[in-house]
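Welcome to my notebook. I went through this model one topic at a time and jotted down what I looked up.

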Amino acid sequence: MSLPYAYARTEADDTVDVTMTVNGSEVTLSLPARITLSDALRDHLGLTGTHVGCEHGICGMCTILVDGQASRACLLFAVQLEGAEITTVEGLGRQDDLHPLQESFSKHHALQCGFCTPGFLMSSYDLLTHEPDVATEDLPEELSGVLCRCTGYRNIIDAVDEVAHAHRDGLPGPGNCAQRTLVGRTPSGAGPAAAAEVATAAVPGHHPDEIALPTGEPTITVDVTSQLESAPTEVAQVFGDIRLLARCLPGAELTDELGDDWYRGRARIALGPVRLSFDGMAQVLEQRDDRLVLRAQGKDTGGGSAQAEIVMSATPAGTGVSLHAEARVFLTGRVASFGRSLAGDVSRRMFEDFARGMDRAAAGAEPDVGAKPPGAVAILVGALSDRARARLRSLRQRSRDRTTRRDRRRTPSRDER
Amino acid sequence: MNQPWKPAPFAYVRPGTTEDALTELARDGAKVLAGGQSLVPVLAMRLGRPSMLVDINAVPELRQISRSNGHLGVGATVRQRQVQYDDAAAAVPLLRLALPWVGHREIRSRGTVCGSIAHADPSAELPAVASCLDATMVVAGAEGVREIPAAEFFTGAMSTVILPEELLTEVRFPVAEEGDGFGFGEIARRHGDFALAGAAVRVRTTSAGSRARISCFGISDHPVTRDVTEQLRSALDATGTDPDESDLRRALADHADGIADDVVDTGGDAHASAAYRRQLIAGLVSRQVARAYLKSLRPHREGKP
């Protein structure tokens, strides 16, 4: 870590700017000096994978990497980390491409209740990176900096040991560190930035110059095609009427037209105990009979944020229309911590509902989806049962594969014995 | 939104030079922040409420490990983990023996050697290492620089001769010489926890004979250093000068109770009674003195404690 040779000073009730790289993305936070790194990661960057236990350096739940070395995030003040490179458990692997350590924890049932897991993953990542030859019998001592409350040590040690043996020549690096936008979950109480944003939102008719999408990989990508019964001309009418279009989307509500193709709106999504309410704006970038491109951004009252670019195109198919929707959705805050694939499933089902709503709207009927807040239970149940079905399919496939392999392995001599 | 403030508010300043750091430390209620691994818990529990933290991590000269005149100089912000693996630091084998016992890897990533010594926790390892080797603490203040030998440095639990407006800029450890052997051991309830009792040992064997020195911790409000040359000599009289390690340990054990009674002056606490600590010290001292003596017989090689 190279700290700048500079006098930096902040008074007790001031905030100070600190710029660091978190999971590959540069972020600048404005914080009071007494905010610990663990709180900054969780509350200001929405990276709630870093758990907080004792908050005085004993339990190791908050272990993260600072410049490649495991450290206690609760024993560091964020302001100390100017220029530092931080890796949290979110940076270690991706939902669809887990780090070998994560795979191994899952395989060995080392996750148990999961509270200590981020700490153990980051601590063992540091251990295996710096001491790839660590002996099995040294693991209990080497991992003693993190406590497991449900005493699952045996499985944790087995999981780490297996990875150690598989990667003596070097552990793969963190697999989810890329340039992407990390937006604060909370604008730190009443920071000046927060106040300004609220003020902007309150001015009627006001909109930003443009909606800038974060760089990097989207949290969710959606690519769905739905078959509509309506004729192309009827669909074109819906494409031409943003108000009607908004009513087709479950939970969405258009509250204001700001002119210049800018709209203000609201979207409510409820998934079990999680209730998200986004207030935001959308800009229509392209509006033709068979193609609609729009960008939207919203902030959740819980501090999460979403930005999306949606491209919809209608192509005639038979007597009806094939409606294709592509979306790149960038999420931060607790909404992002759903898990990518589940969030992806939810958005896909929302698009399917949207397509049905469009079909009804195109036929001249009330879309009938916007009225009730998001049919969320139905969406979630639908999404979950889709996953359950997919899982069942893959399990069946796997068991078929296993049977085949077993049959192939079996040699005549063994059978005779 | 509710903020989870753990520490009380403090002003924060990050000077770039030692002089600027000293200017800041002269202010009322200022406290040095180096690794923070002992300080931040104290702040989190609000046992300490300094009005200002002076973060010395941006001062380049405090980040140095240097070697000169038979000393290894470790700067104020040099991390424990850095010393553990630094080639130059191999010249002080006792540091390498002791550092794996200091907290955990996660703590040593940030914790500093000087910080641990300046914090002077009675059960911490590095103050005992400094005492055993008779290291020199370099303390800077408005009046200039003071060089303080370990014997005069620790005044009690978490207390040293450093004044609030002064800064421990460097600790100078004497490098090992031919004929030096070292031992280090401690007993804690969990590896990485503060020690119930521990001992650092240096034995120097020359043609004139062997000299042994121990520094025990966790058993008093500061590291307790004793010369145990006589006890070692008596044990060697019983075993011969080239003994088996376990024979020497047994011979030393005859003297260990007397040593333990001498050094343990705690009344005991919630973690362990004084009697239990005496037993621990007796065992640790006989084991580590035996180990250090045998090491001192072999030609000294750097990096192989």
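Predicted model: local features only at pLDDT ≥ 70, side-chain atom pairs only at ≥ 80, totals over all residues.

The largest cavity holds about 990 Å³ of space. I then asked which residues are closest to its centre. Of the 42 residues lining it, those are Leu249(A), Ala267(A), Ala296(A), Ile310(A) and Met350(A). Several elements of chain A give two or more residues to this lining, including α9 (242–248), β8 (252–259) and α10 (340–362). The most comes from β9(A), with seven residues. Searching the whole structure, I found three cavities of 30 Å³ or more.

**Chain A overall.** I noted twelve helices and 13 strands in chain A. Of its 417 residues, 48% are buried. I also looked at contacts in chain A between residues at least 6 apart in sequence, and 65% of these join residues at least 24 apart.

**Nonpolar cores.** The largest nonpolar core has 57 residues, and Ile56(B), Val83(B) and Phe173(B) are among those with the most contacts inside it. Helix α7(B) supplies the largest share of this core, six residues. Apart from it I found another core, of 36 residues, with Phe239(A) and Tyr263(A) among them.

**A buried charge.** Next I turned to Glu125(B), which belongs to helix α7 (residues 125–133) of chain B. Glu125(B) is buried but has no salt bridge. Its nearest side chain of opposite charge is Arg108(B), 8.3 Å away, and a salt bridge needs the atoms to be within 4 Å. Among the residues Glu125(B) touches are Trp101(B), Phe184(B) and Asp193(B).

- Asp158(A) pairs with Arg154(A) at 3.5 Å, N to O. The two are four residues apart in helix α6 (residues 153–166) of chain A, so about one helical turn separates them. Asp158(A) is partly exposed at 30% relative accessible area, and Arg154(A) is exposed at 53%.
- Arg27(B) and Glu24(B) have their closest N and O atoms 2.8 Å apart. Arg27(B) is partly exposed, at 41%, whereas Glu24(B) is buried, at 1%.
- Arg226(B) meets Asp262(B) at 2.6 Å, N to O. Arg226(B) sits in strand β14 and Asp262(B) in helix α10 of chain B, so this pair ties together parts 36 residues apart in sequence.

My last entry is a network: salt bridges with shared partners join Asp126(A), Glu142(A), Arg81(B) and Arg105(B).

Notes
Residues numbered from 1 in each chain as written. Chains lettered and ligands numbered in written order. Heavy atoms only, no water. Buried < 20%, exposed > 50% of the residue type's maximum accessible area, 1.4 Å probe, protein only. Lys, Arg positive; Asp, Glu negative; His and termini not counted. Contact = heavy atoms within 4.5 Å. Core = buried A, V, L, I, M, F, W, Y, C linked by side-chain atoms within 4.5 Å. 1 Å grid on protein atoms, 1.4 Å probe; cavity = no way out; pocket = protein on both sides within 12 Å on 5 of 7 lines; lining within 4 Å. Points joined across faces, edges and corners; volume = space filled by probe spheres on them. Lists of a residue's contacts leave out its neighbours within four places in sequence.
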